[in-house]
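I opened this entry to keep track of what I looked up. The structure comes before my notes.

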Amino acid sequence: MSSHGHGGSQSSGGGSTLLGYIGIDTIIEQMRKKTMKTGFDFNIMVVGHSGLGKSTLVNTLFKSQVSRKSAGWARDEKIPKTVDIKSVSHVIEEGGVKMKLTIVDTPGFGDQINNDNCWEPISKHINEQYEKFLKEEVNITRKKRIPDTRVHCCLYFISPTGHSLRQLDVEFMKRLSHSVNIIPVIAKSDTMTVEEKQEFKQRVRKELEMNGIEFYPQKEFDDDMEDKSDNDKIREAMPFAVVGSDKEYQVNGKRVLGRKTAWGIVEVENPNHCEFAQLRDFLIRSHLQDLKEVTHNIHYETYRARRLNENGGLHPICDTQDSNL
Amino acid sequence: KSVKKGFDFTLMVAGESGLGKSTLVNSLFLTDLYKDRKLLNAEERITQTVEITKHTVDIEEKGVKLKLTIVDTPGFGDAIDNTECWKSVADYIDQQFEQYFRDESGLNRKNIQDNRVHCCLYFISPFGHGLRPLDVEFMKALHEKVNIVPVLAKADTLTPTEVQKKKIKIREEIEQYGIKIYQFPDCDSDEDEEFKQQDLELKESIPFAVIGSNTVVEAKGKRVRGRLYPWGIVEVENSAHCDFVKLRNMLVRTHMQDLKDVTRETHYENYRAQCIQSMTRMVVKERNRNKLTRESGTDFPIPMGPAVSESETEKLIREKDEEVQHEKNKPVLQLGAGFSQKFQYDFKI
């Protein structure tokens, strides 16, 4: 359940004190039931050079074969000349809750010799999803539940060079952090020792700051002090240095997801080995709903406002409809 | 006498930043060449073009001196648009050839400095699915100018199966794209079995999966060069962990002379031939313009009488042509790869 739930009948800021139990707090249970019935959509985009373990990480996050790699795409396929956008959807069910998960992959990003503007197809895709949603919204007869294909979260994979961000990383994140939630992660972090990881993270964070890149969770959208302090902790730990794996090994009597090398087994969910568990908890267990909300209330609204302002707004279906916009 | 003078060797390292090139160089030669290096951030790198930097270090071991020059290529592949980023590297190699060419043709040839690049270690990223477009383009642009030895960088990020798969894929792609990497000379049939086995292993290890380290860690009671991870210790010199030892032996102990020989006999000669050809073409053009009646300069020139003034280039061409003919008739002594480095004889004039 969302961590934003406030229990109790205390009201802050001038509400009336209750004389008995009304049952307002059951709204949470009602919402839960509804969500379980309808399920929800979640769309993640993964961006980064080929070979950074994007597909594997996504499979690890959702503990199932949800990536394009598993959907039968041959690993030996040639690198596309321009950035492709490929979506794969799955329905995942857990505890009665159904989630339609869509992974949007971007093969070809950063792989060419000349990578100028390789972010454009990605930007275009994101805006196209906003456009689709907008068109549905302004229809006279709207669907009961508008299918949400908007990208809720963009995982950007940073190559673990140990030096700092690459120019392409900076360019991409600068340009897209205002239209989508960007969560930078350090890929294949089992290539760095503990000190190297710390130093690299610090340098990367400094560079992100120097370039004014607001990654998710963005400071300006913190709701209140509680939010801010929670998110501050997360922001300080980002970007998460992760390792992905869909293979299991026996370690100390337990079966764990990991990578077996000649000198030891890297355990994906061991916080001493990498920050995968932190990423997963952050992404799925605490901020999943918030990611959707920020996408809808902020990124989408920005897009919408811009669209409605240019050229006198969208083509009205009928005059009376305008007032509803 | 050669031992007294010492040997020289120029090694170039190329590949994107962050692949452990500097660390590997330091590990190979137990040096600290990059001590005061300042790492650039993304902003600073925007205005960078590919630089060529040189570090020279004198190494002495058991009375044998080696003057080692490391040529580094910072900035390679770092930009968003990396079109032709290998050009400055190719130009550098050509410049060294040109310098040597001039020196060879000069009057005082006793102390020629050989700055030609004898070997180029090209670092392939372990994070890709084999060769990337940039890797292919770089190697194709340079495989006829320098001995290319591909290495698989930061191999501690890969499991043993992954290393094998990548090596096979990379070898396939090298063949597919017609890239001519440095070929280890074949063993003589009279070498012993152990040597032949080693030679075979060497050939099948390409690209060498390497790991470098600037730090010493304690593993099983011994102090070794390695990397300490929470899940274990990678030992650089452990053959079960990586091919570092193979690479080092190949580079320093067994194939250093062959690398120099191939540079001299193949790459440099290619350059020279091209140079001479283009010079002669220039001369022919000039001659035709001056409407002199003489044969094309590529034939054996007729010795000219003193009455005719000779341009400097023509003189050079004539001398070179004579030398080329002379070279072709010289006997060539083949030294087995296992031959000790201490007894090298330089047969060039």
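**Sheet, then interface**

I looked up the sheet of chain A and found 6 strands in an open sheet, ordered 2-3-1-4-5-6, with mixed pairing. Strands (E, at least two residues) and helices (H or I, at least four) are DSSP runs numbered from the N terminus, and two strands pair if DSSP finds at least two bridges between them. Strand 2 (86–94) and strand 6 (240–241) of chain A are at the edges with a single partner strand each, so one side of each has no neighbour in the sheet.

I noted that this is a predicted model, where local features need pLDDT of at least 70, side-chain atom pairs count only at pLDDT 80 or more, and totals for chains, interfaces and linings use all residues. Residues are numbered from 1 along each chain as its sequence is written, chains are lettered from A and ligands numbered from 1 in the order written, and side-chain values use heavy atoms, without hydrogens and water.

I checked strand 1 (residues 40–47) of chain A: 7 bridges join it to strand 3 (residues 97–105) of chain A, and the two run parallel. A:I44 has A:I103 in strand 3 as its bridge partner.

Next I turned to the two chains. The contact (heavy atoms within 4.5 Å) takes 47 residues from chain A and 46 residues from chain B.

I then looked for salt bridges (a side-chain nitrogen of Lys or Arg within 4 Å of a carboxyl oxygen of Asp or Glu) and found 3 between chain A and chain B. A:R259 forms a salt bridge with B:E162, with the closest N and O atoms 2.7 Å apart.
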